[in-house]
Amino acid sequence: MSKVGGVSFRGYKKHKKDLKNRLAKTLRQQAKQKKNRKAREQKKQVPASASAERDASPAQRKNAASINASSVGPQQEIAQAGDTVPLLFCKRVTIGSTKYGGTWIQPDLLKQASYNFEGVFLYAISQGNVATTPSIQQAYVGSVAIKFLPNIIAPTLTQYYKSESQMAAAKNVCPITSGKIFCDIDTANYTSTFWSPKGFIDRTNPERPVLYVGTRDIVRGEGDTTNTTWTVPGTEFRAYETATGIDRTAFFWSQGAHPGGVGFTFRFNARFSNQQLVGGGAVGTTEIFQSPGTYIGPLANYFFIIYGTYEPVVEIYPEGTVHKQTNTSNPASTGELYGIEREQSYSTVADPTSFPSSYDFTVFSDITFLEIEGNIFDAFQEGQPRKTTRQLSVFYKNGADVVLYSQGLSTTGPSNQFVDLAMHLFALIKRANPNNASISQPIDTSNLQVLATFAQNVKAFFNGVIDQSVNVVEYVTSIAPFFLISFISKNGRYSLQPLLPLSSNNIDVSTLTPVKTFTEADILPGSFSKVYFDQAQRRDFNVSVIFRESSAQEIGGQRTKTVRFSTTANDAPTEQFDMTDFCTNQEHAEIYAKYELSRRKHSTHTISFDVPLLTTSLIPTQIIKVQRQRINTTGDDRTEIETYQVTSIEHASDGTTSILAMHFPVNGSGISLISNDVVNTAFEVV
């Protein structure tokens, strides 16, 4: 057999065929991979992350969004286990004749009750003590202030708060003291069954044999119903065991609770006099079996006595026959009977206003709660009872009380200062202690009053809601630049430092004096590098800033301002900065936009270099000067001197210090071009 290159011809043909098959297979795989790359990759769900996913969802944001005045607004958000309790941080101040700050919050509904057929609602407003209670005119349901809702007469707002120490001293005393909503999860006043002529299912609390109970009924409808009732034949009634579906109807009739047994006819909304049927109940008539706040004791074996089972049972009443002239001696009713609404009270104790010492409600400590009493429900829909409400929006002038580092730790109270917020967040994670500022916390507090005065001067205030679980270091680091501040590591401690040099608590537009000059004698050979920013970052652009109104008459109204240099074209690219989480005034939004524009215009590059270990206190944000001799191939020999702002310093174990700095140019008088633009340049604001 002939061979080619030492391989038999047959073997060569087989080898060639195998190569061809493998190549075809490879091409198919590559085509498949290419096709798959065009599709979105399946998102991988992190195990046990449902609560975190909900926490991060847009629906959980508590900063109020704008509501279209022609809309009733979204339905009320309901709190769930694992949700983050928000932190309301704001303070309304007057500077000159202008009011700044305060914020709208859209809290989740924690509990809902019905007390004597009046709605009662409980919301978690904030961690910490919010000492200011909002006015009834500044609490909106949907797009309407509660005070002006058509179905409400005298609504009330009540705020509750107990500190951790207060709760620790009396763990069984609930901070919500109205007696209408309770801390105990098994104690509640609520509307349960709605008995309708169109048919209904009656459910009894499964824990009825062990709970204390109160019951009340009210007639719902329109117009005159004083001669209207409805009937359901006993033959159409059914009772089923909930867990198994077993029919318990026969046992129910065998107990003889109703004369005539299965031949009995149920009549609803009936009124009697001397045991004679005289008509129906008027709309709004209540039948009170136990007044609100009073209870009858548990009925052991409740389900067994009535239905012959120890499991809960539901009763099913089909559509009945309406009788508008129940008493033939009187005229027929002209109104419409929607049905009968039942309000029930259940409790684990006989007196829920005084729980035994074995109960522990400390989970409700250090939270401000808002209770609203009044029928803020949506309107009746085709005769159905009102259960839902629109989203609550409340304007708060002041937020939670915090330690005021901005005033030198002299007091506590609400604040709009970012430095106070940063320190409060560290206090929440036990990393700050106002009683021992220099030792017990890894944060430099020596300059916080200066930064607060600067913020006051430029009107950079924090008025908003922190409504998600955050990493404190990451949060403070990312938000600080919006206040022209940088959160840095300084000599082993955290520190807040201004992004622009300050003088007399304002942006310094005088000649700068660098804290240190580095020359070639200082810089280690071969360590110096310069990186220019991409041209796209340096081109002319418009800055669009979004912030919120702080008007107490407009829910979370958002505004947008576009800021640019006067020489920038209208159709230049636009970069948007969202400051709605904390900014409520135009001056704050503008100065940040000016800083971004000026920095991008004048700062062209960054540098990095190494020097022998620095023992001085050089820190990020400080201004340095770098002087080097520039020599190129054409024999150009000149001294190059530039100013920079330090952005990072790292000390290595080999005895060197690495410095990263951003170009921070000055003019011929040594004045910062960035600072001078922010303070003195006339920008266009539209």
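**Exercise 1. Cysteines and the disulfide**

Task: Determine whether C90 is buried or exposed, and then identify which cysteines a disulfide joins.

Solution: C90 has a relative accessible area of 1% and is therefore buried, where buried means under 20% relative accessible area, exposed means over 50%, and partly exposed lies in between, all with a 1.4 Å probe and protein chains only. C583, with a relative accessible area of 0%, is likewise buried. Before going further, note that this is a predicted model, in which local features need pLDDT of at least 70 and side-chain atom pairs count only at pLDDT 80 or more, while totals for chains, interfaces and linings use all residues. Residues are numbered from 1 along each chain as its sequence is written, and side-chain values use heavy atoms, with hydrogens and water left out.

The next step is the search for sulfur pairs, taking a disulfide as a pair of cysteine sulfur atoms within 2.5 Å. Over the whole structure this search finds 1 disulfide, and the bond joins C174 to C183 with an S to S distance of 2.1 Å. The link of C174 and C183 is right-handed, with 70 degrees about the S-S bond. As for accessibility, C174 counts as buried at 11%, and C183 counts as buried at 5%.

**Exercise 2. A network of salt bridges**

Task: Work out which residues are linked with E575 in a network of salt bridges, and where in the chain R600 and E575 lie.

Solution: Begin with the rule, by which a salt bridge is a side-chain nitrogen of Lys or Arg within 4 Å of a carboxyl oxygen of Asp or Glu; the count by this rule comes to 14 salt bridges. In one of these, the side chains of R600 and E575 meet at 2.8 Å, N to O. This pair links distant parts of the chain, since R600 belongs to helix α10 (residues 586-602) and E575 to strand β37 (residues 574-578), 25 residues apart. Helices (H or I, at least four residues) and strands (E, at least two) are DSSP runs numbered from the N terminus. R600 is buried, with a relative accessible area of 14%, whereas E575 counts as partly exposed at 28%.

Now turn to E596, which counts as buried at 7% relative accessibility. E596 forms a salt bridge with R599, the closest N and O atoms being 2.8 Å apart, and because these two residues are 3 residues apart in helix α10, about one helical turn separates them. E596 also forms a salt bridge with R600, with the closest N and O atoms 4.0 Å apart; here the two residues are 4 residues apart in helix α10, again about one turn of the helix. Put together, E575, E596, R599 and R600 are linked in a network of salt bridges.

**Exercise 3. The largest nonpolar core**

Task: Find which residues touch the most other members of the largest nonpolar core, and list what F418 is in contact with beyond its neighbours within four places in sequence.

Solution: A nonpolar core is a set of buried Ala, Val, Leu, Ile, Met, Phe, Trp, Tyr and Cys residues joined through side-chain atoms within 4.5 Å. The largest such core has 83 residues, of which F418, F462 and L496 touch the most other members. Helix α6 (residues 418-428) gives the most to this core, namely 7 residues.

F418 is found in helix α6 and counts as buried at 2% relative accessibility. With contact taken as heavy atoms within 4.5 Å, and with neighbours within four places in sequence left aside, F418 is in contact with F462, V476, I479, A480, F483, I485 and L496. On the same terms, the contacts of L496 include F418, V419, A422, L448 and L451.

**Exercise 4. An open sheet**

Task: State in which order the 3 strands of the open sheet stand.

Solution: The order is β13-β21-β16, with antiparallel pairing, where two strands pair if DSSP finds at least two bridges between them. β13 (200-203) and β16 (238-241) stand at the edges with a single partner strand each, so one side of each is left without a neighbour in the sheet. Finally, 4 bridges join β13 to β21 (residues 313-317), and V314 in β21 is the bridge partner of R203.
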